[in-house]
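Hi,

Here is the structure I promised to pass on. Have a look at it first, and then read my notes below.

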Amino acid sequence: MDLLWEIVWITALAGMGGTGLGGVVSCLFRKDSSRTVSLLLSFAGGVMTAVVCFDLLAQAVAPAGIADHTYLVLAAVGVMLGYAVIYLLNAWIDRGTNHEVAHIDESHPKTADSLEELIHADHYQVHEQGGQSHGSLFLAGLVMAAAIALHNVPEGMVIGASFATSAQQAVLSRGGIVMAIVIGLHNVPEGMAVAVPLISGGMKKAKAAVLTALTGAPTVLGAILGLYLGTMGPDMLSLSLSFASGAMLYVVFGELLPEAILMWKSKLPALASVVGILTGLVIIYA
């Protein structure tokens, strides 16, 4: 039980702390922050890649030290399932936002190429210029908050599944702690995406930051579910770890790296990713 509460607190810091920090940052939002955010996203993507490839997937194909081709197939199914779930959730979020701004057309990248687009701040600026009421902006912020909250459940499962490999020994795995940290970093832009429309809609900044932090609460539920599934036996451990891996692979290659490179067209985001991978290796094997 003590281990469970430790995991809950760590996950709460990653989920609520990450999104809450994003809410605070949005209150102090500066338009010249794109390069910093680009490097942050690239580094987080590199660490995630290392943890997925050298920790989660390695254990998914041989859960509890059992090497069997059946687990290889099960891991492949889990990866595709995790990828599909996150893809569908993000497609739902994007469908509710990307069509709102006229400059996003067939020739425009489907992902963000500026910090304003990443957190949808430009969408709400266009709404205001077009005479949209604060009420519509506020409602859009609530919809975004609900979508991000739902999105955080499978991310919490990633953390729980990462801890499941060491739960039977009643210790916290380094892989789980690293995953919690990088998901917390990933949640910062998501928190900004929630807070910006709420503030634009007239909500006080402090209240918007608190509400934004609360959207990270479902991460805890996901972590408990991932931990529970991962301790039900080798089959479920393999499936939960591979599901977590697929979810994170989509986050890295479908969100973090494309957004980072488009936000700062430089070689430095790639370097930050490599540094992130090396950092992940050191943390896993040191």
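Before the helix pairs, a word on how their angles are taken: axes are lines fitted to C-alpha atoms, for helices over the stretch in contact, and the angles run from 0 to 180 degrees between N-to-C directions. Also keep in mind that this is a predicted model.

With that in hand, take helix α2 (residues 34-60) and helix α10 (residues 234-263). Their axes cross at roughly 155° and come within 8 Å of each other. Angles over 145 degrees count as roughly antiparallel, so α2 and α10 are roughly antiparallel to each other. Their crossing is left-handed.

Now for the overall picture. Read from the N terminus, the order of elements is simply α-α-α-α-α-α-α-α-α-α-α. There are 286 residues in the chain, and 53% of them count as buried.

Next, the start of the chain. Helix α1 covers residues 2-27, and at 1.5 Å a residue its 26 residues should span 38 Å; the end C-alpha atoms are 36 Å apart, which agrees. There is a bend to look for, though: α1 has a kink of about 30°, centred on G17.

α1 also packs against helix α9 (residues 218-230), at an angle of about 140° and with the two axes 8 Å apart. That angle makes α1 oblique to α9. Here the crossing is right-handed.

What about α9 itself? Its 13 residues should span 18 Å at 1.5 Å a residue, and its end C-alpha atoms are 18 Å apart, so the two agree. The buried residues of α9 are P218, T219, V220, G222, A223, G226, L227, L229 and G230.

Last, helix α11 (residues 268-285). Which residues of α11 are buried? They are P269, A272, S273, G276, G280 and I284. Seen down the axis of α11, these buried residues fall within an arc of 105°, so they line one face of the helix. On the other side of α11, V282 and Y285 are exposed.

That's what I have for now.

Cheers

Notes. Residues are numbered from 1 along each chain as its sequence is written. This is a predicted model: local features need pLDDT of at least 70, side-chain atom pairs count only at pLDDT 80 or more; totals for chains, interfaces and linings use all residues. Side-chain values use heavy atoms; hydrogens and water are left out. Helices (H or I, at least four residues) and strands (E, at least two) are DSSP runs, numbered from the N terminus. The expected span of a helix is 1.5 Å times one less than its number of residues. The bend at a residue is the angle between axes fitted to the seven residues ending there and the seven starting there. Buried means under 20% relative accessible area, exposed over 50%, partly exposed in between (1.4 Å probe, protein chains only). The arc is that of the directions from the helix axis to the C-beta atoms. Angles under 35 degrees count as roughly parallel, over 145 as roughly antiparallel, 65 to 115 as roughly perpendicular and the rest as oblique. A crossing is left-handed if the near helix is turned anticlockwise from the far one by less than a right angle, and right-handed if clockwise.
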